[in-house]
Amino acid sequence: MRVGTGTPGRESRSGRARRLVAVNTPRRKLRQSGTLSLREFTSLADRVVDELPAALVRELNGGFVVEPGEKRDGDLVVLGEYIWDDWLGRRVVLYYGSFVALLGRAPRGAWERELRATVRHELRHHVEALAGLDDLAREDLAWLAKYKGD
């Protein structure tokens with residue numbers, strides 16, 4: 001499965017599950033010296049996705065998409081998002097700009113570890129959705145409530 005780039009498109013009735021992380025750093029320019037370029041990030045994502053067992057990406061008909069921008073939810077950065085949509089199908093979106101905001105000039109190994117963790121997280125949302133489960137979504141909500149102090 002290849003990783004595409006671009007805007008995922010219009011949403012109809014849909015569901016979303018996201019990987020959120022707290023970032024206590026200011027927003028950064030998308031390209032800094034030492035930061036993986038969008039092309040390098042997409043290439044790394046291709047490699048990570050190609051290692052996934054075919055059975056786990058079953059029915060992920062929208063594949064994996066890399067968005068160049070950063071996505072935030074308040075003071076949290078959204079690294080990835082599993083989206084299912086009646087018209088556009090099921091896909092995972094990885095936000096390159098969010099990885100830049102989190103990792104900046106970190107070594108390539110840190111980028112790869114965070115990307116692998118995000119792909120696994122979003123893929124778990126996909127597999128659970130196929131099975132009619134939402135355990136990870138509940139874990140995400142509990143983490144978010146704890147983070148916000150609820």
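How many residues does the hairpin that joins β5 to β6 pass through? The hairpin passes through three residues. Please bear in mind that this is a predicted model.

Let me take the pairing of these strands in turn. Strand β5 covers residues 76–85, and strand β6 covers residues 89–95. The two pair in the antiparallel sense, with six bridges between them. Asp85 stands opposite Gly89 of β6.

Lys71 has Val78 in β5 as its bridge partner. β4 and β5 form a hairpin as well, with two residues between them. In that turn, Gly74 has a positive phi of about 65 degrees.

Why may β5 be described as largely enclosed by the rest of the structure? Nine of its 10 residues are buried, and therefore the description applies. Buried here means under 20% relative accessible area.

I turn now to helix α2, residues 96–103, which is mostly covered, with seven of its eight residues buried. These buried residues are Tyr96, Gly97, Ser98, Phe99, Val100, Ala101 and Leu103. Against which elements do they pack? Their partners are α1 (38–50), β3 (63–67), β4, β5, β6 and α3 (108–131).

Finally, just after α2, Gly104 takes a positive phi of about 50 degrees.

Methods:
Residues numbered from 1 in each chain as written. Predicted model: local features only at pLDDT ≥ 70, side-chain atom pairs only at ≥ 80, totals over all residues. Heavy atoms only, no water. Buried < 20%, exposed > 50% of the residue type's maximum accessible area, 1.4 Å probe, protein only. Helix = DSSP H or I, 4+ residues; strand = E, 2+ residues; numbered from the N terminus. Pairing = 2+ DSSP bridges. Contact = heavy atoms within 4.5 Å.
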